[in-house]
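Student: Before we start, could we go through how the labels in a structural description follow from their definitions? I would like each label to be set against its cut-off.

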Amino acid sequence: MKMPLFSNTHTHRSSSPSLPTSYTSKPLKPQKPNSTLVPTNLPLPILVFSLLCFIFGLVGTILAVSALRRPRPVPVFRCGRSEDTFRAFYSKGDNGGGLVERPKQLGFVGIHTGFGSSDRRLALRETWFPSDPDGLLRLEQATGIAFRFVIGRSKNAKKTAELHKEMEKYKDFMVIDVEEDNLNLPYKSLAFFKAAFELFEADYYVKIDDVIYLRPDRLAILLAKERTHPLTYIGCMKKGPVITDPKMKWYEKSGHLIGNEYFLHAYGPIYVLSAEVVASLAAARNNSLQFEDV
């Protein structure tokens, strides 16, 4: 009796693997992956928000680069509505690189003039006052003193247009914020000192009329002298008879209170004030000044 090659004592196994009874009774569920998959299609609000962020970032970068490459702004040499046409002209030429907002000077000279005084200004330009901006700059560098014609404003359009033509030609004006009128001359002087103090850092401020023929070299020597007192006035003192005749030009209504002669007082057409005195005038809130020379 032959023995079989294989014993048949084990039960027959199916070719397919057997599953536990717990899985055979129910359908298989898909297993969850370990990491969450990123959806390929983003929602529209997120796309719009991302695009806006990109645009804002790009615009900010462009503005930053343009600000770094932008040239330095040209200084505007103004004090309120007062303007220095000379430095405004030179600031355009070199982009303000060689000019400062409030230059340090030994002195500043304001030549007070009016709309009807073009002939007087022309006479000064033909004598001691330079007739071109370069000459004015050389005089300023040689003496340490700045010089400007000082004039107010006018409501007359024709007068203003004529003045602007002269300003464009010579560039030697300081225009101050006051109505140009003979009755406003004391206010003009006060406005001049305030504007000059704001636009120039000078040791001395000089006010002269357009009938004065000046020696700038001698003025520079005078201003350069040492003085012990910071509150300085340099000028002429005068006194004269009180005019009591109503038909005369300088009639004094209060002559009976003053007497036969005026008391000693400052001479108005030319005088010098130190920086400390002008600083007190610039800080004063009261703009009333009945008589400039007094």
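Student: Where does L63 lie, and why is L63 called exposed?

Tutor: L63 lies in helix α2, residues 44–69, where helices (H or I, at least four residues) and strands (E, at least two) are DSSP runs numbered from the N terminus. Exposed means over 50% relative accessible area, buried under 20%, and partly exposed in between, with a 1.4 Å probe and protein chains only; L63 has a relative accessible area of 54%, and is therefore exposed. This is a predicted model, in which local features need pLDDT of at least 70 and side-chain atom pairs count only at pLDDT 80 or more, while totals for chains, interfaces and linings use all residues. Residues are numbered from 1 along each chain as its sequence is written, and side-chain values use heavy atoms, with hydrogens and water left out.

Student: Why is T232 called buried, and what does T232 touch?

Tutor: T232 has a relative accessible area of 10%, so T232 is buried. T232 sits in the loop between α8 and β7 (233–238), and, leaving aside residues up to four places away in sequence, touches Y204, R227, V272, L273, S274 and V277, contact meaning heavy atoms within 4.5 Å.

Student: What makes R148 and D84 a salt bridge?

Tutor: A salt bridge is a side-chain nitrogen of Lys or Arg within 4 Å of a carboxyl oxygen of Asp or Glu, and the closest N and O atoms of R148 and D84 are 2.7 Å apart. The pair links distant parts of the chain, with R148 in strand β4 and D84 in strand β2 (residues 82–84), 64 residues apart. Both residues, R148 and D84, are buried.

Student: D210 and R120 also form a salt bridge; how do you know which of these is buried and which partly exposed?

Tutor: The closest N and O atoms of D210 and R120 are 3.1 Å apart. D210 has 5% relative accessibility and therefore counts as buried, whereas R120, with a relative accessible area of 44%, is partly exposed.

Student: What makes a set of residues a nonpolar core, and which members touch the most others in the largest one?

Tutor: A nonpolar core is a set of buried Ala, Val, Leu, Ile, Met, Phe, Trp, Tyr and Cys residues joined through side-chain atoms within 4.5 Å. The largest has 28 residues, of which V109, I111, W128, F129, F147 and I208 touch the most other members. Strand β4 gives the most to this core, with four residues.
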